[in-house]
Amino acid sequence: MIISSFILWCLALFGLVNGINNSSLLRPLVNAALMDTSKVVNKLGELLLCPMCLGFWFGMLFSLLIFNPVVAFAIGWKGIILSGFVGSASCWILSALSNALFRHGLAQRTGGCGGCGGNNSVEE
């Protein structure tokens, strides 16, 4: 039960972070924040583009509001911070994996990628 809850927690966190990072609805807001002359607003725009950063902060928030996946290892504020690190790592791993799979799938539909030597088309 704990493993499935942990996996669900990581996937839900990644879904939220990936939605914020890749949302076409939020893209104008992020671009405006990146162009702003205020350093605080500019850093907020950078935060919205970083899956590790969002994973850390939303991981801490998820552990407070929904479920703390590391309660067996740390309780209280230490558990909340550890959940942030777990959220950051899981979002980074899942983001890198989804980016690699997306790039490989896109290259396969368009005729090849560098990793396959351009010969990865499906034979029929």
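Biologist: Hi! Let's start with Phe56: is it buried or exposed?
Modeller: Hello! Phe56 counts as buried, because its relative accessibility is 17% and the cut-off for buried is under 20%. Do keep in mind that this is a predicted model.

Biologist: Noted. Which part of the chain does the pair of Phe56 and Phe85 link?
Modeller: That pair joins distant parts of the chain: Phe56 belongs to helix H4 and Phe85 to helix H5, 29 residues apart. The two ring centres are 5.2 Å apart with the planes at 55°, so this pair is tilted.

Biologist: And how many aromatic pairs are there in the whole structure?
Modeller: A search of the whole structure turns up three. One of them is Phe56 with Trp57, where the centres lie 5.1 Å apart and the planes meet at 85°, so the pair is edge-to-face.

Biologist: Which residues make up the aromatic cluster, then?
Modeller: Phe56, Trp57 and Phe85 form one cluster together.

Biologist: Nice. New topic: what's in the largest nonpolar core?
Modeller: Twelve residues, among them Trp9, Leu13, Val30, Phe62 and Cys91. Helices H1 (2-22), H4 (51-65) and H5 (77-110) each supply at least two residues of this core.

Biologist: Which helix gives the most?
Modeller: H1 does, with five residues.

Biologist: You listed Cys91. What does Cys91 touch?
Modeller: Leaving aside residues up to four places away in sequence, Cys91 touches Leu13, Phe14, Val17, Pro51 and Gly55. Of these, Leu13 and Val17 are core members too.

Biologist: What about H3, which of its residues are buried?
Modeller: Helix H3 covers residues 39-49, and its buried residues are Asn42, Gly45 and Leu48. Looking down the axis of H3, they fall within an arc of 115°, so they line one face of the helix.

Biologist: What do those buried residues pack against?
Modeller: They pack against H1, helix H2 (27-35) and H4. Leu48 is also part of the largest nonpolar core.

Biologist: And what's on the face of H3 turned away from the buried side?
Modeller: That face carries the exposed residues Lys39, Val40 and Lys43.

Biologist: Last one: Leu64. Where is it, and is it buried or exposed?
Modeller: Leu64 sits in helix H4. Its relative accessibility is 57%, so it counts as exposed, the cut-off for that being over 50%.

Biologist: How far apart are Leu64 and Gly76 in space?
Modeller: They are 9.6 Å apart, C-alpha to C-alpha, and twelve residues apart in sequence.

Notes. Residues numbered from 1 in each chain as written. Predicted model: local features only at pLDDT ≥ 70, side-chain atom pairs only at ≥ 80, totals over all residues. Heavy atoms only, no water. Core = buried A, V, L, I, M, F, W, Y, C linked by side-chain atoms within 4.5 Å. Buried < 20%, exposed > 50% of the residue type's maximum accessible area, 1.4 Å probe, protein only. Helix = DSSP H or I, 4+ residues; strand = E, 2+ residues; numbered from the N terminus. Contact = heavy atoms within 4.5 Å. Arc of directions from axis to C-beta. Phe/Tyr/Trp six-rings, centres within 6.5 Å; stacked < 30°, edge-to-face > 60°.
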